[in-house]
Amino acid sequence: MSAPAKPRYRIVIVGGGIVGLFTSYHLAKAGAGPILVLERGFLSSGASGRNGGGVRQQWETRATIRLAREAVQEYRRFGREFGYNPWFRQGGYLFLAETRTEIARLHSVHETVRSEGLPSRELAPEEVREIAPAISPEGIVGGTFLDSDGTLYPFPVLWAVYEKARSLGVEVALGVEALGIVRDRGRVAGVATPSGTIGADVVVNAAGGWSAELSRRAGLPVENTPTRHEILATEPVKPCLDPMVIRLSDGLYVSQTMRGELVGGRSMPHAPGTEGGMSTSPEFLPSMARSLVRLIPRAASLGVLRAWSGYYDDTPDGLPVIGEDPRLPGFVHANGFGGHGFMLAPASTRRVAKAALGEAIDLDPGAFGPARFLDPDRRAVPEHLQPG
Amino acid sequence: MPDGGERSVRWKGRPLDVRPGESLARALARARRPLLTRSIRYHRPRAPACGIGHCTSCLVRVEGRPNVRACRYEPENGERIETENGWPSTGFDLLALVDPIFPGGIDTLHGFRRPAFATPLFQRVVRRLAGFGALADGAPPDPTLAPELRTTDLLVIGGGRSARAFVEALGPRTPPPLLLERGRLDRPIPGAEVRERTTAVFLPRPASGGASFAVLAIEEGGGALQITARAVVVAVGGYDATLWFAGSDRPGVYPADGAEALGPSAGEPPFRRAVVVGGGDRVAALLGAWADRIEAVVGPGPVGPEVAKRASEAGVPIYPRTLLLEARGRRRVAAVRLAARGGGRRFTVACDAVVLAHRRLPNPQLLFQAGAAMEWRGGTGAYYPRLGPGLATTVPGLFAIGEAAGFEGAASTESGRALAAALTGATVPPLPDRVRAEGPSELAGYYAELVGSLPRRAKTIACACEDVLLRELAECHELGYRGIEVAKRYTGLGTGLYQGRYCVPEAILLLSAWEGRPPPEVGFITQRPPVVPAPLGALAGLARPEAE
């Protein structure tokens, strides 16, 4: 527990994950003090400390591709700017198709990605083997590959941004939960915490899987839904898998970390909500093990070291929510990242910071703004390519 | 061809005889061909240490299968067994140069950031240093392994003395309880159906409850059982803790378990002259068995009267309240560097082994995993289950006895009998004494003092699986990060193959001293299932949970 030092701040960010911390960093750099980040757990206790570290630019929607492309550039520079090495390894993302329908879907993604200037490739089964020889060729009819996608190690990124933000004057209060949003004359006036109210002109909702709950506490119904996702890590082995591999049929994703562990998950039929805890469901270990040994049969003898879960913050159209809520001036959304918050963070939080300062942002408000859920005519083109 | 169960295997291409019931590590010790492996980050030499399948210092490759623990593995006739992480050989490993080149350690958190064009090269080098063995050479035609399905009223996990006392006091039952033992029993336990060399893992239970427990049992020989049990008795015992000092990962440093399990034969230790650490019953027993091979007794704290008496009878010098600073040597320990606590003079004792017998810890993993409420006990500085009447944990149907539940020595046997009485409806005897709950653990202060006295040149490895340095833990603290959960994520401590079994208990004590708060506030690391490595093939073969 670390209590906030001041009774009031210009900006209070709820959520000390990568989105909240990176936003605070951009704000502090822009000279927008004083800034407070409220984290109800410990650093890395939420999804930022529980994700697989994938960073990809292959998406269906152009808006997301552009954001991701910028994030990749940022992560390439990150080590030199922030003092910590994120070990961003550009081993590529390999999408696997097992049916004609899946091939067609990947083809359409490929066309869009290429038209944005990224050299994605369509692969025949033999080429899949060249890129990932450990994978069983059985059932694979093709795939796509983008070699500048990759994986990073989330923790150093988190420490780096935390330390940089603090060195710029950002205060981070750990173990402090935001119980509600205080309004005054129709706009945000502060945040209620167990130890009293903290005044604020602007509140940023970067609470990840708990963002919908926070919005509701602010009196704002939203369409975000938390969903539980599970992941496991095997014992470490010598390098055997260069790219992140995604299989469309079961939503399997797996990559090998710098430390040699195979880390991945798959889609599971979990009911929405944050009630499932942070542990492992009875279904996950067997389902995931079946998926993984089908992909890499030689991994059958490998031990699973640990499995855990975390919460995605999903939206109906698969796109994040970035911008001030038109229903409550001063309440800024930075949520709904659907499991892709970490990979997009360096780019997306630049826009969150601008929105928090009331400046115009260079994102399509139709695709990312909260108003799209308030007016049926303004619905966005959805992003369906979710796994990984 | 050997007969009578003798087997011959190919060890690094040369024949090696293995006796019935003998582990590969013991067979190698008997043949005077000590097993040397290499650690993953610094390629430091490692040799079998814990002897009970908990650490990562004896991993070998068996018939193309990686990461097999030599201390637990009883080879089949004709098997081809190789070392891992050693090229061209573990004795002369080119990558072993990594260790001396980086005396202060490789800073993977902050280092290797410039120049930009070298990033892919750095990544290739660091990836090459990670991992133990390579992926298996091949896969069976069907890589999923369908476990044998079993249902039992009563499952006993562990076959030590509390479990034996429990089964004996329970009397004959039809069907008998199923008992799983990780190693081998020293003698049969009549009245139970025993599966030896079998490790149990609790599988997550459906949220809607159900009265039974789901357990995956992995057999050393490659098979598996999927067990549904109405009641489970956890009697998984304890183990000897490690102690941090420079070179504490060096071959020749053994937790006392390892000194017992790794000699050339049962009863013969794996050393000529050892320095023994500790001052309690465990050290007294070692003095009873091996006094002529003990060079000195070093107590991190005070030394008990029984140890003092036996040592004096055998002419073994005693150094109570002494810091163990460093184990020196090249391939193996050749001497230890000591200093009396409170800034005393430094001196050296020659020896070829260090035996750590100062602290027994419980195996709490299964209890955490089953969701039992746990409580800190200062006597040993570890977590134990909260126990109600009749040795019941807070999870209905889950019971804990023996060392894992905090009953040591004779109390361990008594706890087994008491549970049998409780389950059969007999009069329950009063519970025997448990490990002291209150009070600080002496080691916290010991470590706080040690850190300032450690030699600067030599590495102090805090987590031997991941080669995390004590210095890295100190940096994490100095940067203001607090609590064991963050320290784990910052340094990687406790995330390796043995999941923090040796390093986390030490780290909790040291952080408690540094952070100036009691150990329970430093926290504990969530035991994420399956806790002990469960092969993907066995997990893939699990029968699906019944539909809700």
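1. In which sense do strand S13 and strand S14 of chain A pair, and over how many bridges? In this predicted model, S13 (residues 244-247) and S14 (residues 252-256) of chain A run antiparallel to one another and are joined by three bridges. One of the residues involved is Arg247(A), whose bridge partner in S14(A) is Leu252(A).

2. These two strands belong to an open sheet of nine strands, which follow one another in the order S5(A)-S6(A)-S4(A)-S13(A)-S14(A)-S15(A)-S12(A)-S16(A)-S29(B), with mixed pairing. Strand S5 (121-123) of chain A and strand S29 (530-535) of chain B each have a single partner strand, so they stand at the edges and one side of each is left without a neighbour in the sheet. Averaged over the sheet and with direction ignored, neighbouring strands are turned by 25° against each other.

3. Helix H3 (residues 100-115) of chain A packs on this sheet, where it touches strand S4 (93-97), S5 and strand S6 (142-146) of chain A, and the direction of the helix makes about 145° with that of S4(A).

4. The place where the sheet passes from chain A to chain B deserves a separate look. Strand S16 (residues 303-314) of chain A and S29(B) are joined by three bridges and run antiparallel, and within this pairing Val304(A) stands opposite Ala534(B). As a general point, strands of a sheet pair through backbone hydrogen bonds, whether parallel or antiparallel.

5. Taking the interface as a whole, 61 residues of chain B are in contact with 58 residues of chain A, and the two chains bury about 5300 Å² between them, with 61% of that area on carbon and sulfur atoms. Of the area that chain B buries against chain A, 17% is supplied by Arg127(B), Leu135(B) and Leu536(B), which is more than any other three residues supply.

6. How many salt bridges and how many residue pairs in polar contact are counted between chain B and chain A? The count is two salt bridges, and there are 31 residue pairs in polar contact, with both residues at pLDDT 80 or more. Arg259(A) forms a salt bridge with Glu466(B), in which the closest N and O atoms are 3.4 Å apart.

7. On the side of chain B that touches chain A, at least two residues each come from strand S6 (65-69), helix H3 (119-129), helix H12 (484-491), S29 and helix H15 (536-540) of chain B. Sorted by class, this side of chain B has 33 nonpolar, 16 polar and 12 charged residues.

Notes: Residues are numbered from 1 along each chain as its sequence is written. Chains are lettered from A and ligands numbered from 1 in the order in which they are written. This is a predicted model: local features need pLDDT of at least 70, side-chain atom pairs count only at pLDDT 80 or more; totals for chains, interfaces and linings use all residues. Side-chain values use heavy atoms; hydrogens and water are left out. Two strands pair if DSSP finds at least two bridges between them. Helices (H or I, at least four residues) and strands (E, at least two) are DSSP runs, numbered from the N terminus. Axes are lines fitted to C-alpha atoms, for helices over the stretch in contact, and angles run from 0 to 180 degrees between N-to-C directions. Contact means heavy atoms within 4.5 Å. Buried area is the accessible area (1.4 Å probe) that two parts lose on being put together, summed over both. A salt bridge is a side-chain nitrogen of Lys or Arg within 4 Å of a carboxyl oxygen of Asp or Glu. A polar contact is a pair of N or O atoms within 3.5 Å; within protein, one must be able to donate a hydrogen and the other to accept it, and residues adjacent in sequence count only if both atoms are side-chain atoms. Ala, Val, Leu, Ile, Met, Phe, Trp, Tyr, Cys and Pro count as nonpolar, Asp, Glu, Lys and Arg as charged, and the others, Gly among them, as polar.
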